[in-house]
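Q: Could you take a look at this one with me? I'd like to go through the aromatic residues and then the pockets.

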Amino acid sequence: MATLILWLLSILFEIVFNKRSELICVVVGCFFFQLANWVIRYFASPSRDPLFVNTSVSLLHSTIISSSVIFILVNQWLITRGSLSGRVFMFDHSQLFAGTSTWPCAYSALCFSCGYFAYDQLDMLKYRLYNDGWILVHHLILLVCFTLALYRNVTINYLILTLICELHSIFLHVRKVRRRMAPGLTKRSMFVRIEWLLNWVTYITARCAAHILITTKLIWDAPKFEKGVELPLALFGMAGMNLLNVFLGVDLFNAYRKEMIQPQNSNHHQE
């Protein structure tokens with residue numbers, strides 16, 4: 001909690017005293033998702049459950065941010081006007097690192113998402129919505145990396161690429177909401193089968209493959225980084241993300257086995 005208070009004071013200091021008005025989007029993100037929390041808690045039928053409310057807000061964030069990332073990438077792709085060299089240059093280190101090359105809307109999207117992670121950290125601490133500390137570590141890593149990048153106005157495009165994983169988060173949260181709102185749906189349901197298919201496809205592509213490619217790109221471009229904290233922090237952050245992806249994959253497999261495989265085996269033994 002103390003860390004979040006210091007983080008908020010730091011953001012406000014930058015906005016007020018250093019005239020960094022662009023960082024207001026961080027504060028807007030915090031209040032937007034807190035407002036969404038209050039609205040869901042007030043209107044939704046099972047809203048008194050803090051975990052359901054938190055998951056619903058997380059679903060909202062994943063939907064907004066993944067859509068924003070896709071828009072940013074497609075928009076930048078179109079800006080190249082069909083030039084193959086331009087599209088390749090789009091992922092050059094100079095474009096991904098320098099603040100002067102930040103893609104349109106990327107800075108604001110990163111600010112907005114940073115605000116969400118601060119809100120979510122506070123909500124989980126308030127209601128103790130964590131089984132272990134990994135999710136808190138994940139949010140702390142993101143807050144540190146995002147905030148430093150926003151302050152220094154560097155690696156914004158790199159971080160936008162990491163947020164592609166929010167596409168997978170959509171289906172993680174949909175599954176949790178579905179199990180709460182429609183517990184009667186079984187593995188025979190077409191909706192459940194499609195949901196699990198999209199869960200695995202996006203986990204492999206938008207989360208694991210994307211983060212591995214970003215890590216590889218960082219290592220490949222390591223000589224191009226100037227001396228400073230950017231490269232060590234980026235490599236540390238991606239190492240943490242990849243490790244957490246492994247743990248998430250194990251949890252996802254256990255959930256799949258429990259929901260889609262074990263009931264079938266149990267029925268078979270009963271017969």
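This is a predicted model: local features need pLDDT of at least 70, side-chain atom pairs count only at pLDDT 80 or more; totals for chains, interfaces and linings use all residues.

Q: How many aromatic pairs turn up in the whole structure?
A: A search over the whole structure gives 16 aromatic pairs. In one of them, the ring centres of F32 and F33 are 5.0 Å apart with the planes at 90°, so this pair is edge-to-face.

Q: And are those two residues buried or exposed?
A: F32 is partly exposed, with a relative accessible area of 33%, whereas F33 has 0% relative accessibility and counts as buried.

Q: How are the rings of F33 and Y116 arranged?
A: Their centres lie 5.2 Å apart and their planes meet at 75°, which is over the 60 degrees needed, so the pair of F33 and Y116 is edge-to-face. The pair links distant parts of the chain, since F33 sits in helix α2 (residues 24-43) and Y116 in helix α6 (residues 106-127), 83 residues apart. Both F33 and Y116 are buried.

Q: Which residues form one aromatic cluster with them?
A: The cluster is made up of F32, F33, F112, Y116, F117, Y119 and F146.

Q: Switching topic, where does UniProt put the signal peptide?
A: The UniProt record, an unreviewed entry, places the feature "signal peptide" at residues 1-18. In the model, residues 1-18 are 83% helix and 0% strand, with the end C-alpha atoms 25 Å apart.

Q: OK, pockets now. What is the volume of the largest pocket, and which residues lie nearest its centre?
A: The largest pocket has a volume of about 1,400 Å³. Its lining has 42 residues, and those nearest the centre are I135, L172, K176, L248 and D251. Two or more lining residues come from each of α3 (50-79), α6, α7 (134-152), α9 (166-181), α10 (190-220) and α11 (230-270).

Q: Which element gives the most to that lining?
A: That is α11, which gives 11 residues to the lining of the largest pocket. By class, the lining of the largest pocket holds 18 nonpolar, 12 polar and 12 charged residues.

Q: What about the second largest pocket, what lines it?
A: The second largest pocket has a volume of about 300 Å³, and its lining consists of M1, L4, I5, W7, L8, V27, C30, F31, Q34, A118, Y119 and L122.

Conventions:
Residues are numbered from 1 along each chain as its sequence is written. Side-chain values use heavy atoms; hydrogens and water are left out. Rings of Phe, Tyr and Trp (its six-membered ring) pair if their centres lie within 6.5 Å; planes under 30 degrees apart count as stacked, over 60 as edge-to-face and the rest as tilted. Buried means under 20% relative accessible area, exposed over 50%, partly exposed in between (1.4 Å probe, protein chains only). Helices (H or I, at least four residues) and strands (E, at least two) are DSSP runs, numbered from the N terminus. UniProt positions are given in the numbering used here, feature names are shortened, and annotations may be inferred rather than shown by experiment. On a 1 Å grid over the protein atoms alone, a cavity is a set of points where a 1.4 Å probe fits but cannot get out, and a pocket is an open set with protein on both sides within 12 Å along at least five of seven lines; lining residues have an atom within 4 Å of a point. Grid points are joined across faces, edges and corners, and a volume is the space filled by probe spheres set on the points. Ala, Val, Leu, Ile, Met, Phe, Trp, Tyr, Cys and Pro count as nonpolar, Asp, Glu, Lys and Arg as charged, and the others, Gly among them, as polar.
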